[in-house]
Amino acid sequence: MPGLDIDHLRGWIGREEAAEDVVTADLVRKLQATLDLPGPPPRAGDAAPRLVHFCLAQPAAPTAALGPDGHPERGSFLPPVPLPRRMWAGGTVTFDGELRVGDAVRRVSRIADVVVKQGRTGPLCFVTVEHIIEAEGRAAVRDRQDLVYRGPDGAAKAPAPPAEPGRHRRRVGADAALLFRYSALTFNGHRIHYDRRHAIEVEGYPGLVVHGPLQATLLYHFAAAIRGAPPARFAFRSHAPLFDDDAVILHAGAEENGTLRLWTARESGPVAMAAEADWD
């Protein structure tokens, strides 16, 4: 496709990086507060809330090395995709153990694939990143992330039908304070989540964008509350954006053969993120 040298970009496949961090009681306390998760104050040895690894060992590029959208400049670990918009399209997380307060964590990340496709509004570049999160030398979490890069929206999309109502429902207020706190916990500088002027005037959104990982984390803990136990595997995929002036509705259907189907949507809006939680 014009402007996309897929052979050059695929040269990043197999590239790896490693980073280390510690699951501190302070991080867990702040994540619990941000997501309104129940539980006593965290103590050493306690199991941390699952998906806390989204907050751990995140890249810490110097501010001077950030691009105009707030992301680190491309071309080091992630390939230099020449498309302006980057979003988290989805992923699959499998748990082999718990991350506990006080654990020393090592994350090993690898570029697994780079694919270019033609979408309805132009070219799309998908980058698959595989992470293994080790705690005290043991594998605890396997996380496959699918990133998508795209150009500015072009042709208008046909409106999607409203999401079906779930058997279980929970309303979550996705206001600017929640988005800012989650950006801080995950050290995410992407300006669409906290800079309203950039989100509206530069990227063309109607408001601040609700993070994909935040929606996934809310759905995961919703599934755990419904079943009374945390899922062993969780897969999710984004379909449409949600914004800070939307009341986010978490939906879940009936569990079938050990799998619970979940989704997010604004009131009377289409499915924003679809997910499946498995306990087997």
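## Where H3 meets H5

Leu178, Leu179 and Tyr182 of helix H3 contact Pro213, Leu214 and Thr217 of helix H5. Five of the residues in this contact are nonpolar and one is polar. None is charged. The model is a predicted one.

The two helix axes come within 10 Å and cross at roughly 100°. H3 and H5 are therefore roughly perpendicular to each other.

## The buried side of H3

H3 spans residues 176-185. Its buried residues are Leu178, Leu179, Tyr182, Ser183 and Leu185. They cover an arc of only 160° around the axis, so they lie on the same side of H3.

What covers these residues? The cover includes helix H2 (25-35), strand S6 (168-173) and helix H5 (212-227).

## After H3

Just after H3, Phe187 takes a positive phi of about 50°. Further along, Asp195 sits in the loop between H3 and helix H4 (196-202).

Is Asp195 buried or exposed? Asp195 has a relative accessible area of 19%. The cut-off for buried is under 20%, so Asp195 counts as buried. Asp195 and Phe180 are 15 residues apart along the chain. Their C-alpha atoms are separated by 9.3 Å.

## The ten-stranded sheet

The model holds an open sheet of ten strands. Their order is S1-S3-S4-S5-S2-S7-S10-S9-S8-S6, and the pairing is antiparallel. Strand S1 (16-22) and S6 stand at the edges. Each has a single partner strand, so one side of each is left without a neighbour in the sheet. On average, neighbouring strands are turned by 20° against each other, direction ignored.

In general, strands of a sheet pair through backbone hydrogen bonds, either parallel or antiparallel. Here, S6 pairs with strand S8 (residues 247-252) in the antiparallel sense, over six bridges. Arg170 stands opposite Leu250 in S8.

## H5 on the sheet

Which strands does H5 touch as it packs on the sheet? The strands are S2 (85-95), S6, S7 (233-238), S8, S9 (259-266) and S10 (271-278). The direction of H5 makes about 135° with that of S9.

Definitions and conventions: Residues numbered from 1 in each chain as written. Predicted model: local features only at pLDDT ≥ 70, side-chain atom pairs only at ≥ 80, totals over all residues. Heavy atoms only, no water. Buried < 20%, exposed > 50% of the residue type's maximum accessible area, 1.4 Å probe, protein only. Helix = DSSP H or I, 4+ residues; strand = E, 2+ residues; numbered from the N terminus. Arc of directions from axis to C-beta. Contact = heavy atoms within 4.5 Å. Axes fitted to C-alpha atoms, helices over the stretch in contact; angles between N-to-C directions. Parallel < 35°, antiparallel > 145°, perpendicular 65-115°, else oblique. Nonpolar A, V, L, I, M, F, W, Y, C, P; charged D, E, K, R; others polar. Pairing = 2+ DSSP bridges.
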